[in-house]
Amino acid sequence: MSKADGAVAWAVAIANNPAHGYDQKERWGPDYDCSSLVIAAWESVGVAVREAGASYTGNMRTAFLRCGFVEVTTQVNLATGAGMRPGDVLLNEAAHTAMVVQPGRLVAARINEHGQTTGGATGDQTGREICLQNYYNYPWGCVLRYAPDSNVGNIGTGKVEDKPAGGVSAGSSAPEAELRGFPLLARGSRGWPVVTLQGALIAHGYSCGPDGPDGDFGYNTWNAVCRIQRDSALPVDGVVGDKTWTRLLLG
C-alpha cells in the first residue's frame, strides 16, 4: 500500500460518507472545500503538506513540492487524463483542485446544496458536494505526483456522480469489489497505514478516541474496528484485513 493509495482511500471514504459536505468556511472537517479535502487526504498518510504551508489552491503547489511531490504536467495529457496515476493532484492555482482516483476518475469537493461556497447545512445534502466523477480538464495548470511512491495502486469505486466504466449505476459500488493488498493491521500496529484506518473509521462515524488519527492502533481504535465489523455483519476480531478495508473504503 503506497501513500498515494492511502490518500486516495481516505478521500474516497470521505466522499462515501454523507456526513461530509462542502463548505469554504468550516473546511477542516466534517465539511471540506476542494483544497482542504486534498490537503487533508495527504496529511492522513503522514505527508505534512499543511505544515509546509498548504492552506488553499494558491499555495498548494509550493508546499507539495517541498514535501516530495514532483510536477509531471508535461508527462500527462491534460485534455484526456492519459498518463495520470491514482493520487496525482490536479491543480488550478487560481480556483480548484482535485485528485485522481483511477484512470479517468477524480475525487473532488465541489459546491454546497445551494450552489454556493458557504452557508449550507453540514454534510452532503445532494450526493454531489464531495464525490467521484469522470475526468475533466478544469483547466488544470499543473499535475503533482508524490515521488517517493514507486508503485501506485488502484482504488476505483465509491460514491459517483456519473455512470462509471463497467456499468455500475450511479450511487453504488460493485458488490463483488474487494480491496486487496492493503496491510493487515491489529493492536500494536503503528504508522501512516493506521492513520489512514483511523481517518476512515472517523469518516464513518466511529470514534478512535480523544487523540483522533494518531497512528497508534490502541484500545480505542481496536474498539472502533470491532464496532464497524459488528455493524457490518463481519467477523468481529478487531483485525483489519481485506473485508474490513473493503467495508471502510468502498462501503
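The charged end of Arg 187 sits over the ring of Trp 222, 5.8 Å from its centre. A charge is taken to sit over a ring if NZ of Lys or CZ of Arg is within 6 Å of the ring centre and within 35 degrees of the ring normal. The model is predicted: local features need pLDDT of at least 70, side-chain atom pairs count only at pLDDT 80 or more, and totals for chains, interfaces and linings use all residues. Residues are numbered from 1 along each chain as its sequence is written, and side-chain values use heavy atoms, with hydrogens and water left out.

**Overall organisation**

The protein chain contains six helices and six strands, arranged along the sequence as α-α-α-β-β-β-β-β-β-α-α-α. These elements are DSSP runs numbered from the N terminus (helices: H or I, at least four residues; strands: E, at least two). Of the 251 residues of the chain, 53% count as buried. Buried means under 20% relative accessible area, exposed over 50%, and partly exposed in between, with a 1.4 Å probe and protein chains only. The accessible surface comes to about 10,600 Å², and carbon and sulfur atoms account for 47% of it; the areas come from the Shrake-Rupley method with a 1.4 Å probe, and for residues only the protein chains shown count as cover. Among contacts (heavy atoms within 4.5 Å) between residues at least 6 apart in sequence, 63% join residues at least 24 apart.

**Aromatic pairs and nonpolar cores**

The structure holds eight aromatic pairs. In one of them, the ring centres of Tyr 136 and Trp 140 are 5.8 Å apart and the planes meet at 45°, so this pair is tilted. Rings of Phe, Tyr and Trp (its six-membered ring) pair if their centres lie within 6.5 Å; planes under 30 degrees apart count as stacked, over 60 as edge-to-face and the rest as tilted. Within this pair, Tyr 136 is partly exposed, with a relative accessible area of 25%, whereas Trp 140 is buried at 4%. Elsewhere, ring pairs link Trp 42, Phe 64, Phe 69 and Tyr 146 into a cluster.

The largest nonpolar core has 57 residues, and those with the most contacts inside it include Trp 42, Phe 64, Phe 69 and Val 49. Such a core is a set of buried Ala, Val, Leu, Ile, Met, Phe, Trp, Tyr and Cys residues joined through side-chain atoms within 4.5 Å. Helix α1 (residues 3-16) gives the most to this core, with ten residues. Apart from it lies another core, of eleven residues, among them Val 72, Val 76, Ala 108 and Trp 140. Leaving aside neighbours within four places in sequence, the contacts of Val 49 include Trp 42, Phe 64 and Phe 69, and also Ile 39 and Cys 67.

**Helix α2 and selected residues**

Helix α2 (residues 34-43) is mostly covered, with nine of its ten residues buried; Trp 42 and Ser 36 are among these buried residues. A polar atom of the Ser 36 side chain lies 2.5 Å from the backbone oxygen of Arg 27. Beyond neighbours within four places in sequence, Ser 36 is in contact with Arg 27 and Trp 28.

| Residue | Relative accessible area | Class |
|---|---|---|
| Ser 36 | 0% | buried |
| Ser 44 | 7% | buried |
| Thr 117 | 30% | partly exposed |
| Ala 233 | 72% | exposed |

Ser 44 is found in the loop between α2 and α3 (57-66). Its contacts, leaving aside neighbours within four places in sequence, are Gly 6, Trp 10, Trp 192, Val 195 and Thr 196.

Thr 117 lies in the loop between β4 (105-109) and β5 (130-134). Its C-alpha atom is separated by 7.3 Å from that of Tyr 22, 95 residues apart along the chain. Not counting residues up to four places away in sequence, Thr 117 touches Tyr 22, Asp 23, Gln 24, Ile 111 and Asn 112.

**Backbone features**

A cis peptide bond joins Gly 29 and Pro 30, with omega about 5°; Pro 30 is placed in the loop between α1 and α2. Ala 233 lies in the loop between α5 (219-231) and α6 (242-250), and its phi is near 60°, a positive value in a residue other than glycine.

Note on methods:
Polar contact = N/O pair within 3.5 Å; in protein donor to acceptor, adjacent residues only side chain to side chain.
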